[in-house]
Amino acid sequence: MQHYADIDLLTLSLASHIRWINFLDKYFDAGMLIKEYDTELDNYRGQKSGLGDWLAMRSRDTFLTHTAFYMAAGRCVAYVARKVGMKVEEEKGMAVAKKIQDRIVHLYLKNGKDNFDFPHGSASHTPGPEMSLFARIVPGQKRCVVLKNWFRRSGHTWPGEEEKRFLNAVSEEDIAVMADTGEVTKRGKDWSLGWSQWQGFNEGIFAIRYALKTLSDTGFHHIALRKASGFGMATSEYMMRHNATTMWESWWRSEDLYSRNHPMLGALAEWMPSSVAGVSHYPTTTGARKMLFWPRFPKSATTLDYASATQGTVRGDYSIAWRFEDLPADKSQYNSATVQIRVRFVVPPGGEGVARSPIFTSSKTTATLRQATINPDLVYAKSAAEKECMMRRKARKGFPYSWEYDRVKEQWYKHESGKSIGTPCESFLFHSSLGGMKWGIDRDITSTFSQRTDVQVAPGFYELIFTNWQLEKEVEGTGRIGNLPEYYNSDDLGPYCEDSSTFEWNIDDATHII
């Protein structure tokens, strides 16, 4: 519905949706008892049979996954019925969804720890609170404390056989380097690779999306970036250093069981355009009529200094690009410099846009919006930018090294050699052919943005400039496989978790159904 607004398809499929929740209403509770999920979860310790966060590094909370998707089935019926004007079915769907949501809330606040975990849980299963925060399951008055306690989670060492074999065939010098960076730590007497909660991934097929989106949407986009750009086991970097050109099915190395070409862990691909670049469907839109432009930036330019994306729709392409400007030549100042951020975005004919601001980092920050008086030749700019990017790829300016195995020495070694994969290329929206742009009057929207009020924009080519943007050092935490006391000991988690307008799921919001 968000993409195409196909009412006919919804009308045809609604009866099937209703049959599905009727089936769940009749058999779900009895089936869960057969699977030995007792009603109050007094005997539940996590990870029973059935639907779970497949191939996560953590143990799986299968009860939450089962039950949350039951709730989502009710929400889907309510959403679809509302779109086709069937009030009775809409109310039925909402009633089912609310009943199941209340059940989850009762059980997952029962332990009194405010970590949104099952009664005997130890904050070590997945999905954790990230799914319940994203899907508006956690009650509004508990959101900030649940978010706060989420940052107590940490990573762990990993006992995988392939990883052990790898470390046994790495030189002492390379082990020392990995130990200095925290990539390896001791597991008993032996060195071990480990997975990270906040500088890499541990989530499986479901929770990757929820972790990244929840962090980005609640004011901790810099932590989401750190997860996605992390190094070592259970990261994209780990796959690429072992010569991956496609996503693996598992975060760990597998020479015989799991696929090396599998999109299962690919939720990164949806998060990058929507959160890193900042263009996505407005949650309540239909037929891609309205898109959200919400660029969010890292605290430090050492993490990332530009991003871009294009979202294709039936109405045309919505594009966005941003970059830090006036960065100092000395990169050691990337944690403290005051810079300018230039954002450009395009709303196609017949479309609508909503510009949303990230949280200002300084009281001196200003925001100015202006529109091109004549739409530029973006077709040429895109073609020229793609040719230049292809030249950079041929020059192999991407990922700089890989681990290779010396069969004579029977040892892994780091081979320094650039790859085409990972080659950075700036957006066509900043191509040199657009240097002569003519702009209309500057519109000061500092006050609007500082009050976290969205700005509606009509079709056109826009430029948004933030001045006096203060860069900051990223939080340290307690190491690569540690947690983030800077946040779980803080009484200020920003404005998003306290935003009452997002406490309850909006029946017109397809994005947060689950």
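This is a predicted model: local features need pLDDT of at least 70, side-chain atom pairs count only at pLDDT 80 or more; totals for chains, interfaces and linings use all residues.
Residues are numbered from 1 along each chain as its sequence is written, and side-chain values use heavy atoms, with hydrogens and water left out. Local features need pLDDT of at least 70 and side-chain atom pairs count only at pLDDT 80 or more, while totals for chains, interfaces and linings use all residues.

**Cores**

Let's start inside. A nonpolar core here is a set of buried Ala, Val, Leu, Ile, Met, Phe, Trp, Tyr and Cys residues joined through side-chain atoms within 4.5 Å, with buried meaning under 20% relative accessible area (1.4 Å probe, protein chains only). The largest one has 127 residues, and Tyr108, Phe345 and Phe466 touch the most other members. Another core, of 13 residues, lies apart from it and includes Phe428, Met437, Trp439 and Phe461.

**His125**

His125 sits in strand β2 (residues 125–126) and counts as buried because its relative accessibility is 9%. Its contacts (heavy atoms within 4.5 Å) include Arg58, Asp61, Phe118 and Arg153, leaving aside residues up to four places away in sequence. Arg45 is 80 residues away along the chain, with 9.7 Å between the C-alpha atoms. The side chain of His125 also makes a polar contact with the side chain of Ser124 at 3.3 Å; that term means a pair of N or O atoms within 3.5 Å, one able to donate a hydrogen and the other to accept it within protein, and residues adjacent in sequence count only if both atoms are side-chain atoms.

**Pockets and cavity**

On a 1 Å grid over the protein atoms alone, a cavity is a set of points where a 1.4 Å probe fits but cannot get out, a pocket is an open set with protein on both sides within 12 Å along at least five of seven lines, and lining residues have an atom within 4 Å of a point. Volume is the space filled by probe spheres set on the points, which are joined across faces, edges and corners.

| Space | Volume | Largest share of lining |
|---|---|---|
| Largest pocket | about 1,600 Å³ | α11, seven residues |
| Second largest pocket | about 970 Å³ | α8, four residues |
| Largest cavity | about 40 Å³ | α5, three residues |

Of the 49 residues lining the largest pocket, Met272, Leu304, Gly422, Thr423 and Pro424 are closest to its centre. In the second largest pocket, that spot goes to Arg136, Pro283, Trp294, Arg356 and His512, out of 41 lining residues. The largest cavity is lined by Asn115, Ala123, Pro129, Val146, Asn149, Trp150 and Arg153.

Conventions: Buried means under 20% relative accessible area, exposed over 50%, partly exposed in between (1.4 Å probe, protein chains only). Helices (H or I, at least four residues) and strands (E, at least two) are DSSP runs, numbered from the N terminus.
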